[in-house]
Amino acid sequence: MTGPLVVVGDVLLDSDVAGRADRRSPDAGVPVVDVDTRVWRPGGAGLAALLAARDTTEVVLVGGFADDDAGRRLRRLLAGRVRVAALPLRGSTVCKQRVRAVGRCVPPVGDGAQSGPVSLLRIDSGDGRVGPDPLPDGLEAVFDSASAILVADYGRGAAAHPEIREWLTLRGSDVPLVWDPHPRGPEPVPGATVVTPNRDEAAGWVSGGGDFGDRARELARRWSARAVAVTLGAEGAVLYRSDAKISVPVPIPSQLRCGAGYDVCGAGDRFAAAAATALGAGEPIAAAIRFAVDSAARFVRSGAASALAVPPVRSEHGAAEPDTGRAALLSP
């Protein structure tokens with residue numbers, strides 16, 4: 001790469017609350033979680049940017065940031081890891097909190113042999129959106145400098161901004177453009193190098209019969225994309241290239257496969273980020289998708305997004321102190 005990988009999209013703040021669930025509430029019958037830890041990490045396009053930084057030396061994140069406590073925490077979590085080009089955000093930072101637990105009252109997953117925490121529920125808050133507001137000076141130059149672009153769309157307006165879409169269309173004709181779509185977001189701009197919907201998204205956009213290779217072909221036609229790679233979880237992915245007019249499975253190697261019960265949070269972001277960095281390094285589409293499947297599988301085996309969380313700073317007596325942003329990522 002001779003320029004940065006530019007990641008464009010909606011930046012969220014994710015957190016995990018974890019503990020033990022060994023009893024149930026007498027009034028509602030639901031598990032009671034005795035909290036041990038709470039950790040934070042960038043989510044959405046912020047997570048995609050952090051994951052891309054594993055594979056390339058320079059990443060610029062273009063996304064909306066609110067002037068609130070959660071938005072400031074996000075900036076601290078990203079500082080020194082990726083360069084931020086902030087967009088104006090209307091409303092408050094979107095936060096997604098998972099409650100995870102181990103213990104007698106946790107429902108079994110798969111064969112019931114899992115030893116790590118299981119997600120019991122997710123709590124979402126915040127209403128932030130990137131509107132059609134004027135963009136900061138110098139932002140077009142960020143796109144002009146890109147060696148590759150990843151759009152991590154989470155349906156919060158960044159990928160729908162008219163000027164950004166114009167720049168994506170223009171720059172996407174010169175450098176690899178990977179688009180990770182969202183059901184509440186806009187269609188990819190025409191000419192994207194690879195679009196990476198997941199299984200449920202592809203089934204929602206192309207209903208009826210046919211396998212996912214057929215759906216990938218239809219989406220490539222509909223979006224005028226050079227390729228569509230539908231991610232299939234434990235089955236890997238299926239890739240359709242418009243030039244070859246054929247779909248091919250890209251399975252997970254046997255040594256990287258996971259059983260039921262693994263946390264898969266962020267696997268789609270890892271897939272898209274790996275594909276973008278590989279394409280930016282000059283790899284052909286098929287090789288980039290092979291690398292993306294392998295990278296996402298390794299990511300899940302290593303703990304997925306949970307391994308990227310930043311814990312609260314603790315005092316010498318073990319008590320949590322106010323977050324200062326000084327904690328390092330748990331995984332490089």
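Domain 1 and domain 2 bury about 780 Å² between them, and 52% of that area is on carbon and sulfur atoms. The model is predicted. Two salt bridges are part of the picture at this interface, where the rule finds 2 salt bridges. The C-alpha centres of domain 1 and domain 2 lie 22 Å apart.

**The two domains**

- The domain assignment of the protein chain builds domain 1 from three stretches, 1–46, 56–103 and 117–147.
- Domain 2 is given as residues 176–308.
- On the domain 1 side, 9 residues take part in the contact, and domain 2 brings 11 residues to it.

**Across the interface**

- Between domain 1 and domain 2 the count is 4 residue pairs in polar contact, with both residues at pLDDT 80 or more.
- Strands β3 (31–44) and β6 (95–102) each supply at least two residues of the side of domain 1 that touches domain 2.
- The residues on that side of domain 1 divide into 2 nonpolar, 3 polar and 4 charged.
- Arg100 and Asp263 form a salt bridge, and their closest N and O atoms are 3.8 Å apart.

**Salt bridges in the model**

- Side chains of opposite charge can pair when their charged atoms come close.
- By the rule used here, the count comes to 19 salt bridges.
- One of the pairs is Asp34 with Arg23, whose side chains meet at 3.0 Å, N to O.
- This pair links distant parts of the chain, with Asp34 in strand β3 and Arg23 in strand β2 (residues 11–24).
- Asp34 and Arg23 are 11 residues apart.

**Around Lys96**

- Lys96 lies in strand β6, one of the strands that supply residues to the side of domain 1 touching domain 2.
- Leaving aside its neighbours within four places in sequence, Lys96 is in contact with Leu12, Leu13, Asp14 and Ser15, and also with Arg122, Ile123 and Asp124.
- Lys96 and Arg122 are 26 residues apart along the chain, and their C-alpha atoms are separated by 6.8 Å.

**The annotated region**

- UniProt, in an unreviewed entry, places the feature "domain: Carbohydrate kinase PfkB" at residues 186–306.
- Over residues 186–306 the chain is 41% helix and 14% strand.
- The end C-alpha atoms of residues 186–306 are 29 Å apart.

Definitions and conventions
Residues are numbered from 1 along each chain as its sequence is written. This is a predicted model: local features need pLDDT of at least 70, side-chain atom pairs count only at pLDDT 80 or more; totals for chains, interfaces and linings use all residues. Side-chain values use heavy atoms; hydrogens and water are left out. UniProt positions are given in the numbering used here, feature names are shortened, and annotations may be inferred rather than shown by experiment. Helices (H or I, at least four residues) and strands (E, at least two) are DSSP runs, numbered from the N terminus. Domain bounds come from an automatic or database domain assignment. Contact means heavy atoms within 4.5 Å. Buried area is the accessible area (1.4 Å probe) that two parts lose on being put together, summed over both. A salt bridge is a side-chain nitrogen of Lys or Arg within 4 Å of a carboxyl oxygen of Asp or Glu. A polar contact is a pair of N or O atoms within 3.5 Å; within protein, one must be able to donate a hydrogen and the other to accept it, and residues adjacent in sequence count only if both atoms are side-chain atoms. Ala, Val, Leu, Ile, Met, Phe, Trp, Tyr, Cys and Pro count as nonpolar, Asp, Glu, Lys and Arg as charged, and the others, Gly among them, as polar.
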